[in-house]
Amino acid sequence: MSRPLKTGIGVVLTAIMLFPIYWMINVSFTKDTDMRADPPHLFPLHGTLEGYRAVFEQQMPYLGTSLIVGLGTVALTLALAAPAGFALAKLRPRGTGVLNFVLLIAQMIPGVIMAMGFYAIYLRLGVLNSVPGLILADSTIAVPFGVLIFTAFMSGIPDELMSAAMIDGASRWRTFRSVILPVSRNAIVTVSLFAFLWAWSDFVFATTLDGGGTHQPITLGIYHYIGNNNQQWNAIMATAVIASIPATLLLILAQRYVAAGVTAGAVKD
C-alpha cells in the first residue's frame, strides 16, 4: 500500500472519529427551531449563543464543584497510591503478588455495584450529598490504577539510588520523598491525569451519592437540561463543549508524560 493511500485512509478514519465532536459543537450553536430540520444543517447557518449564555449563567457552580472534586480526587489518589506503589516496588513486603492481583480485580468491579455499596455506607454515616464523600468514592476508582502505575514505574528506578540515600542517613520516608518522588514525575502526571478525568466525567457516583446535594458536579448539571417534555439540546451541547476544554488541554499538555508513565516497566534491561 502506497504512502499517499495510507495517509488518505488515516485522514478519513480520523475525520469519522472526530465527527461527533464537530456535531456537538455544531448543535451548541443551533437554534431550537432548527434542531429538527430535515435534512439537518451541517453548519449553524442561523447560529445562536443561547446555549453558551445558559452555560455561563447556570452551569458555572457545577463546573466549580467538578473542579474541586477532580483536584481532591487527584490529591487523595496520589497520597495513597504513591506510598503504596513505593512499598510494593522497593520494600517488597510479603504477599506482593496477591496484592497486585487484588488491585487488578478491583479494576473489574462495575461502578454501579460500588455506588450501591457506598450509598449504604454513606447513609449510615450521614455523608450523603457531600463533596468529600464524592471525592472518596471517585478515588476508589483511581487508587488501584495509580498503585499499579507507580509500582511499575518505581520498579525501574535503580536500587542504588535508595542505597546511596540510606548510606547518607536518610530514612525510608525521606528517601521516598526526596529521591524516589522527584524521579517519578511521569508516573505522577499519568496518575493525576487519569484520576482527574475519571472524577471529571463521573456520573454514576454523582447521581447516586450526590443527587440531592447543593454542590453537584457538571455531569449532573448537564442532566438537569433533560426533561420528559423538553430537551435543551443547544445548552446541553454547549455545556459539553465547555466541560471538554479542561480535559482536552490536560491531555495535550500531559501526553508525553502519560506515554512514558504508562509504558514504564514494560521493558526490562
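Of the 269 residues in this chain, 38% are buried. The model you are looking at is predicted, and its secondary structure consists of 11 helices and zero strands. Here is a short tour, from the whole chain down to one residue.

**The chain as a whole**
- The C-alpha trace spans about 75 × 65 × 30 Å along its principal axes.
- Looking at contacts between residues at least 6 apart in sequence, 75% join residues that are at least 24 apart.

**Where two helices meet**
- Helix α2 covers residues 50–91 and helix α5 covers residues 131–155; their axes lie 6 Å apart, at an angle of about 35°.
- The crossing of α2 and α5 is right-handed.
- Sorted by class, the residues in this contact of α2 with α5 are 20 nonpolar, nine polar and two charged.

- You can find Ser28 in helix α1, which runs over residues 3–28.
- Ser28 counts as buried because its relative accessibility is 0%, and the cut-off for buried is under 20%.
- The Ser28 side chain reaches the backbone oxygen of Ile25 at 2.5 Å.
- Beyond its neighbours within four places in sequence, Ser28 is in contact with Thr48, Tyr52, Asn234, Met237, Ala238 and Val241.

Conventions: Residues are numbered from 1 along each chain as its sequence is written. This is a predicted model: local features need pLDDT of at least 70, side-chain atom pairs count only at pLDDT 80 or more; totals for chains, interfaces and linings use all residues. Side-chain values use heavy atoms; hydrogens and water are left out. Helices (H or I, at least four residues) and strands (E, at least two) are DSSP runs, numbered from the N terminus. Buried means under 20% relative accessible area, exposed over 50%, partly exposed in between (1.4 Å probe, protein chains only). A polar contact is a pair of N or O atoms within 3.5 Å; within protein, one must be able to donate a hydrogen and the other to accept it, and residues adjacent in sequence count only if both atoms are side-chain atoms. Contact means heavy atoms within 4.5 Å. Axes are lines fitted to C-alpha atoms, for helices over the stretch in contact, and angles run from 0 to 180 degrees between N-to-C directions. A crossing is left-handed if the near helix is turned anticlockwise from the far one by less than a right angle, and right-handed if clockwise. Ala, Val, Leu, Ile, Met, Phe, Trp, Tyr, Cys and Pro count as nonpolar, Asp, Glu, Lys and Arg as charged, and the others, Gly among them, as polar.
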